[in-house]
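Me: I would like to learn how to read strand pairing and a chain contact. Can we take one case step by step?

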Amino acid sequence: MAGEARYLDPAIVARLGTIDLKARTIVEGFLTGLHRSPYKGFSVEFAEYRQYLPGDDLATLDWKVYARSDRHFVKKYEEETNLTCHLLLDVSGSMGYGSGAVTKLQYGSYLTGALAYLMNRQRDAFGLVAFDDKVSTLLPASARAGHLRVVLLALERLKLGARTNVAKPLHDLAAAVRKRGLVVLVSDLLDDPRTVLDGLKHFRYRGTDVVVFHILDPDELKFPFEQSARFRDMETAAEVMAVPSAVRAEYIERMQAMIAHYRRELGLVGIDYCLLDTSQPLELGLMAYLMTRRRVL
Amino acid sequence: MFGIAFLSPLFLIGALAAAVPILLHLFHRKTDVVIDFPSISLLTKAPVQNHRRRQLRELILLLLRVAALILLAVSFARPYAAGAAAPMSAVVTVVALDTSMSLSAPGQFARAQQAASQAVASAPASNAVALITFADSATVAVPPTSDRGAVQAAIAAAAAGAGGTRFRTALASASEVLGTREGNVVIVTDLQQAGWDAIDEGGIPDGVAVQVMAIAAPAGNVAVTSAMRRAGEVIATVQNYGPDETKAAVRLVVDGKELTHATVMMAPYAAADLDLRGSLGEASVAQVVVDDPIGYQPDNTRYVVLDSSPAIAIAALVADPTGTTGGLYLERALTVVNEGRDFAVTVADGRVLSKWTTAEMSRHAALVILGTRTLDRAGRELVKTYLAGGGQVLLTLGPDVDPGTIGDVIGIDLGVSPAPVRSPGATLVPADSRHPIFRPFLIPSGALGDVQVDQHRRLTDQAGRTVLARLTGGDAVLTEQTVGQGRLLVFGSDLDNQWSRFPLQPSFVPFAVETARYLTQGRSPRQEWTLPDVPAGAPMAPGIVTAGEGATTRRMVVNVDVRESSLAATSAEDFAKAIARTPRSDQGEPVNAAREVEDRQRWWQIGLLVMLAALAGEALVGRRAA
């Protein structure tokens with residue numbers, strides 16, 4: 001990792017100052033990389049052309065293009081591509097786990113902050129909902145100047161909550177969102193998969209697009225422990241004595257089964273699913289978002 | 001009152017080792033790795049060891065380890081039921097209850113029981129109490145215990161018997177029970193004067209108080225002190241031990257039927273002989289019974305054997321039976337005993353004995369050699385063969401014995417001086433007064449001092465020869481040795497009143513009789529026994545004892561020792577003075593009642609077995625846990 005791209009490494013980002021700086025560093029680094037990437041053109045400064053459809057304002061027709069190609073294209077202005085995006089960040093106790101430089105919550109915060117920064121540059125309206133078993137922070141979506149700072153400040157002040165209850169905030173938010181938009185869920189999804197899926201499907205039924213960032217720690221994916229230990233649940237404090245070598249294979253199998261289950265079930269209803277472990281670069285998350293945004297728009 | 005006590009309580013310190021696994025357990029718990037983990041829900045369904053289950057298993061392991069260590073320590077501490085024995089530190093009150101015949105008068109033993117019960121009740125509450133019953137022997141009825149109910153029950157169950165009183169035996173038993181512990185002794189007795197007569201040993205350690213609770217003797221006692229058959233009648237002697245003139249009815253009973261009876265009037269402390277005539281028929285045993293409502297009961301009956309056993313044959317070899325001597329004194333001494341029913345003496349000179357066959361010779365239980373001058377070679381060989389084959393021979397070295405040929409007669413060199421040694425005024429001194437031959441001379445001692453030996457033959461000391469008596473000059477005068485399978489007694493002088501006036505002394509008859517009995521012991525069954533001597537396997541009680549089967553069946557009688565019939569008692573002061581005191585340091589290893597109880601219970605073995613089971617369980621559970 002060299003140049004600006006190194007700032008996409010969560011461990012390095014964690015050593016940066018405020019969430020504002022972190023978000024800007026992540027996005028600028030990401031965008032710098034995009035100039036050399038196949039996704040060139042997805043800049044907020046880029047004006048997009050779309051084939052004319054009956055009903056479009058003729059004032060938006062780009063006659064110069066028509067003169068060159070003999071085809072009708074309308075020129076889309078940036079203001080018209082604005083999106084209302086809701087960033088949902090899980091702050092339950094289980095998000096406090098971190099085997100490396102950052103915890104899942106920190107990683108989720110960086111990702112959320114970066115997404116907010118990116119949305120701000122795209123003039124998208126965005127809001128923030130932090131929740132555990134209830135909503136602890138709610139910032140309605142807005143595209144106003146200065147809203148980014150409010151969101152980033154809220155992310156900076158987040159505290160770990162108690163138990164996870166993904167379904168309830170999703171249902172509450174789904175009921176409150178009147179306008180179609182995009183919902184970004186950042187969570188470890190350590191809840192009953194059935195209720196999580198019910199909540200997410202609620203958005204889809206209302207026409208809202210959803211992208212899910214499933215944040216997991218590498219330890220949760222690989223279960224690399226060697227010594228017999230008592231494993232204590234970070235939310236319930238329940239303990240299980242386990243010999244890692246004896247349970248590792250089945251644990252990983254169950255974890256992969258859960259991931260596959262989410263991936264399959266969410267895909268069936270048109271929800272983008274992106275698994276991120278906290279050791280991976282944050283650009284993967286941004287890339288997933290942009291792909292979803294492109295599909296939405 | 002009832003609990004667990006320990007013989008070696010210091011070993012209980014070892015139980016502190018049980019803290020080691022506990023500390024290890026706690027230490028292990030503290031160092032147990034705890035990992036906060038978010039995805040625990042995926043672990044609960046995995047095949048992992050449930051923590052609670054593991055905790056339970058660890059707890060079981062801990063308990064088994066702790067139990068094993070504690071059991072080991074407890075087993076080494078030798079536990080026992082403390083209710084059965086008092087701890088070694090307890091002060092002990094030993095109650096010695098006299099159960100001899102001299103407490104068998106009507107109502108007398110009940111008073112003794114009451115006194116003993118009172119002694120138990122009045123012992124300090126902190127004291128342990130032990131109960132000893134004694135007569136001819138002493139028995140620890142209840143070892144030192146805090147369970148006074150058990151002692152009272154043992155007192156109530158005790159009964160007066162027919163035995164004699166032996167105070168020293170009781171004191172020795174009390175001393176053993178006390179051991180090294182502090183305590184006191186309470187003796188409940190009638191202070192029977194004969195209680196100190198027995199030749200035994202026993203005393204009380206210094207510092208141990210002895211209290212006597214005297215039980216009064218009855219106002220009088222009448223006893224049948226002897227009974228014997230003479231032809232068709234039974235001669236009985238009845239003694240009045242009381243201070244008052246007494247009239248008593250005496251009955252002769254055979255097979256439960258009264259054959260005859262007589263009434264006798266006896267002055268105070270006087271005896272009377274009665275001729276009880278009746279048709280004795282083929283009866284072998286009879287009883288002479290006197291009615292005595294107030295005195296001791298066991299001595300009211302005396303058993304008598306009616307059919308005497310055949311006399312034991314003894315041969316006396318003399319130089320010339322027609323001469324001036326010829327074994328006359330010995331023959332008379334032996335035939336006078338029990339009216340000649342015990343011994344049948346055959347006197348033969350050398351010429352007659354030489355013609356005897358070996359079988360004829362071996363028919364005699366013993367041979368007394370008084371003279372050898374007429375004994376030819378065949379006779380010498382016969383005697384030699386008899387002795388080597390297991391015969392019993394008393395050889396006297398009087399003037400009729402030829403020292404030059406005596407070696408040929410007995411088959412060994414005796415080492416006898418050829419010439420007699422003059423020893424005017426020399427008397428016999430037993431080397432060991434407990435030897436059976438000298439038993440009659442124990443009390444009164446010194447009776448053999450009247451025996452004067454003027455001449456004797458000197459016996460040189462030889463290996464294998466035991467000197468039984470010496471003359472006052474130091475020469476051995478009576479020796480014993482084995483020759484082949486036989487036994488040879490050698491008397492260094494003569495028994496025919498030539499070199500010694502011994503046959504004229506009163507002590508000659510008992511000496512001759514006891515010597516003959518010693519030589520012929522086992523050859524004639526004993527018919528009459530006096531307590532505490534009883535035939536093997538017979539109960540320690542007066543009565544008729546039947547031994548053998550079929551044609552060999554014979555009946556014996558056991559009678560009480562009439563010395564116990566006397567009402568004479570010592571005073572408590574004299575009793576106290578007669579008690580021998582032993583220094584504390586002389587006490588050997590005490591017979592520890594607690595140790596005996598612990599030895600019987602053997603709980604330590606059970607403890608070790610359980611400990612092994614706990615270790616096995618620990619290994620099993622631990623293996624499964626691993």
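**Reading strands and a contact**

Reply: Start with one residue pair: B:Lys247 has B:Met265 as its bridge partner in E13(B). Keep in mind that this is a predicted model.

Me: In which sense do E12(B) and E13(B) pair, and over how many bridges?

Reply: Two strands count as paired once at least two bridges link them. Here, strand E12 (residues 246-254) and strand E13 (residues 257-266) of chain B are antiparallel, over nine bridges.

Me: Which other strand pairs with E12(B)?

Reply: Strand E15 (residues 285-290) of chain B does, in the antiparallel sense, over four bridges. There, B:Val290 in E15(B) is the bridge partner of B:Val250.

Me: Which residues of E12(B) lie on the covered face?

Reply: B:Thr246, B:Ala248, B:Val250, B:Leu252 and B:Val254. The uncovered face has B:Lys247, B:Ala249, B:Arg251 and B:Val253.

Me: Now the chains. How many residues does each give to the contact?

Reply: Chain A gives 25 residues and chain B gives 20 residues. On the chain B side, strand E2 (34-37), helix H2 (41-44) and helix H3 (51-76) each supply at least two residues. By type, that side has 11 nonpolar, six polar and three charged residues.

Me: Which strand of chain A pairs with E2(B)?

Reply: Strand E8 (residues 229-233) of chain A, in the parallel sense, over four bridges.

Terms used: Residues numbered from 1 in each chain as written. Chains lettered and ligands numbered in written order. Predicted model: local features only at pLDDT ≥ 70, side-chain atom pairs only at ≥ 80, totals over all residues. Contact = placed C-beta atoms within 7 Å. Nonpolar A, V, L, I, M, F, W, Y, C, P; charged D, E, K, R; others polar. Buried ≥ 20, exposed ≤ 12 C-beta atoms within 10 Å, placed from the backbone.
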